[in-house]
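Here is a two-chain model to look through together. Have the sequence and the coordinates open while you read.

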Amino acid sequence: MTAAADTTAREIAAEHGNRADALIEILHQVQAALGHVPEAAVRTLADALNLSRAEVHGVVTFYHDFRDKPAGRHVLKICRAEACQAMGGEALVARAEDRLGVACGGTSADGRVTLEPIYCLGLCATGPSAMLDGEVVGRLTAPKLDALLKGAGA
Amino acid sequence: MTVRIYIPKDAAAIAVGADKVAGALKQAAAGAGRVVEIVRTGSRGMMWLEPLVEVEIAGVRHGFGTVEPEDVAGLVSAGLLEGGGSLQGHPKALGPVDKIGYLARQTRLMFGRCGVTDPLSLEAYRAHGGYKGLERALSLTPAGIVDEVAKSGLRGRGGAGFPTGIKWKTVHDTAGEQKYIVCNADEGDSGTFADRMLMEGDPFLLIEGMTIAGLAVGATKGVIYVRSEYPHAIAAFNAAIAIARKAGLLGSDVASSKRAFDLEVRIGAGAYVCGEETALLESLEGRRGIVRAKPPLPAHKGLFGCPTVINNVLTFAAAPFVLAEGAKTYADYGMGRSRGTMPIQLAGNIKYGGLYETAFGVKLGELVDDIGGGTATGRPVRAVQVGGPLGAYFPRALFDTPFDYEAFTARDGLIGHGGVVVFDDTVDMAKQARFAFEFCAIESCGKCTPCRIGSTRGAETIDKIMAGEGPDDHLSLVTDLCNTMKFGSLCALGGFTPYPVMSALNHFPEDFRRTPRMPQAAE
């Protein structure tokens, strides 16, 4: 894994000409390829972009999108911002937590589903909103949520 | 004649099944051996009707909504594929779309094409008035363009409302080998989606607006920072850039003018604070989105230390109209110092939610009760948050406030990016105040103490109030803390979090008076 992460990170950085200002794009690509940003990739990117490890680590931890551990097989993000709150979004978060047996932000014990909060998908007139593996879902209801979870094998 | 059917591919429409409806229609057409032309458009902004299917009947577009995939069979047997039959009597028929009151009452200077045309058809864009603004801009001197924008009274649509003409003039007057145009498309405010709709539904308008800005200030490079939560907008905008480049509207010789301007899309990574302009610039340079102290202003030292115009999507999108129709035509709309139109976004618990572009001056109550139709749940409206998570909560008593920068400021609120989030009478305003602090704590960049520490202490103090612990002492503590955050924070995140908190406290004090509870008592 470490060697693979090193090679992947080095290749992606090279695609961007090892430019430090492209770090966020590079991290997006590394995460897309590896599922997360492992410590080995942080070390490689620091070397390739001529940054300190602290600088790369700082960026990885600053942005909510980047994870340092692999996610579950499916990632369900439920909007917790005001427009969705007004439509009962919080009850759906609680329901998903209950079904998956994890607090929002965690991964179910069987590793199938990671449940994450998201603050606004820009679908605020068709809420509550969610995103399952990149697919947007609007007008979420309890039955619709159950169907999504069932589809994800939870 | 081939029947033309329009189905949105706006993310909000897709979220409620537009792709499935389009798929079912294609299948039905193939099964019936009919050739139909399905045009995927942006959204008209009438979100409660999505998916909204439109069919051209005798040159007029008739709407059907809300169309579920299960409705397709019925629509087909009513004559959808032939564009006639008994279609107009179908239970989901809405009649001619342009005649729907919600749409007919708007003043769409900016969103006129959104939902009407194929967003990636340059031909359709031109046929509906596109690139006339650029054409006019190319006939003017850079100073002439800046002057036109200044005279229009256009102010920054991201929230701050800073006069766009002054910003552009500053960059125009600042010497620099390289200057940049940066578009802030990090639309993180809950209750707002106008930027997203525009990027998905009429991306050439933003390209044209940014190009005009580039010509005005002498910038050859433009960067648009889009949040990662908007994958559809990113895809649409990238596709539009490629088309514009191929057509010679971006690149080294824009529209054969010998002037260069090109665009690049950069993607955020889920940090709300990057909507703050200096944090956004840090992020574009590949760093943590830490707010920069001002001065220097981005207009003097912005991206990579170069003079930079940084504006919101809607500010750039207003420029083509201003140039094409003239500053005066634009400035004739609006009230006071708020000129032109604002795409207001009606969201949350609202019956007729969506995008409503209108001249400044419309009253908040008219927006919520009349245009928005009250709540979706049918319960009374109790509070309305205007301007995103950093905006104030308004009670019914303030519904006579006109939509205008100064009028909202006078009532300790802000219009921000034009989001209006409606709550019914089940809302607990102490919880909303707590959330404002909590959100600030989650999203704080950490540079200044009032925001970094104050947000966490604020949430803790509201917890005590909610538990009924010494409410008087804790309420005065929250008030004091809000003052510190308001005047001591470096940017609007910490500086404006007091708006939702204090408005909840001032307008809904009854929600903060609780009898002490046992710690283990359930909610």
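In β9(B), B:I310 is the bridge partner of B:V182. That bridge belongs to a parallel pairing between β6 (residues 180–185) of chain B and β9(B), which runs over five bridges; strands count as paired if DSSP finds at least two bridges between them. The element names come from DSSP runs numbered from the N terminus, with helices being H or I of at least four residues and strands E of at least two.

Before going further, note that this is a predicted model, where local features need pLDDT of at least 70 and side-chain atom pairs count only at pLDDT 80 or more, while totals for chains, interfaces and linings use all residues. Residues are numbered from 1 along each chain as its sequence is written, and chains are lettered from A and ligands numbered from 1 in the order in which they are written.

Contact here means C-beta atoms, placed from the backbone, within 7 Å. B:C183 is one of the residues that touch the most other members of the largest nonpolar core, which has 221 residues; B:L206, B:A213, B:F237, B:V384 and B:V420 are the others. Such a core is a set of buried Ala, Val, Leu, Ile, Met, Phe, Trp, Tyr and Cys residues joined through C-beta atoms within 7 Å.

Now for helix α12 (residues 277–284) of chain B. Eight of its eight residues are buried, so the helix is largely enclosed by the rest of the structure. The cover includes β6, β7 (221–226), β8 (262–267) and β9 of chain B, along with α2 of chain A. After α12(B) comes B:G286, with a positive phi near 90°.

B:A299 sits in the loop between α12 and β9 of chain B. It is buried, with 22 other C-beta atoms within 10 Å. B:A299 and B:V309 are 10 residues apart in sequence, yet 5.8 Å apart in space, C-alpha to C-alpha.

What about the two chains together? 34 residues of chain A are in contact with 43 residues of chain B. On the chain A side, α2(A) gives the most, with four residues. That side divides into 21 nonpolar, eight polar and five charged residues, taking Ala, Val, Leu, Ile, Met, Phe, Trp, Tyr, Cys and Pro as nonpolar, Asp, Glu, Lys and Arg as charged, and the others, Gly among them, as polar.

Finally, the domains, whose bounds come from an automatic or database domain assignment:

| Domain pair | Distance between C-alpha centres |
|---|---|
| domain 1 and domain 2 of chain A | 29 Å |
| domain 1 and domain 3 of chain B | 30 Å |

In chain B, five residues of domain 1 are in contact with six residues of domain 3. The domain 1 side of that meeting divides into four nonpolar, one polar and no charged.

How values were computed: Contact = placed C-beta atoms within 7 Å. Buried ≥ 20, exposed ≤ 12 C-beta atoms within 10 Å, placed from the backbone.
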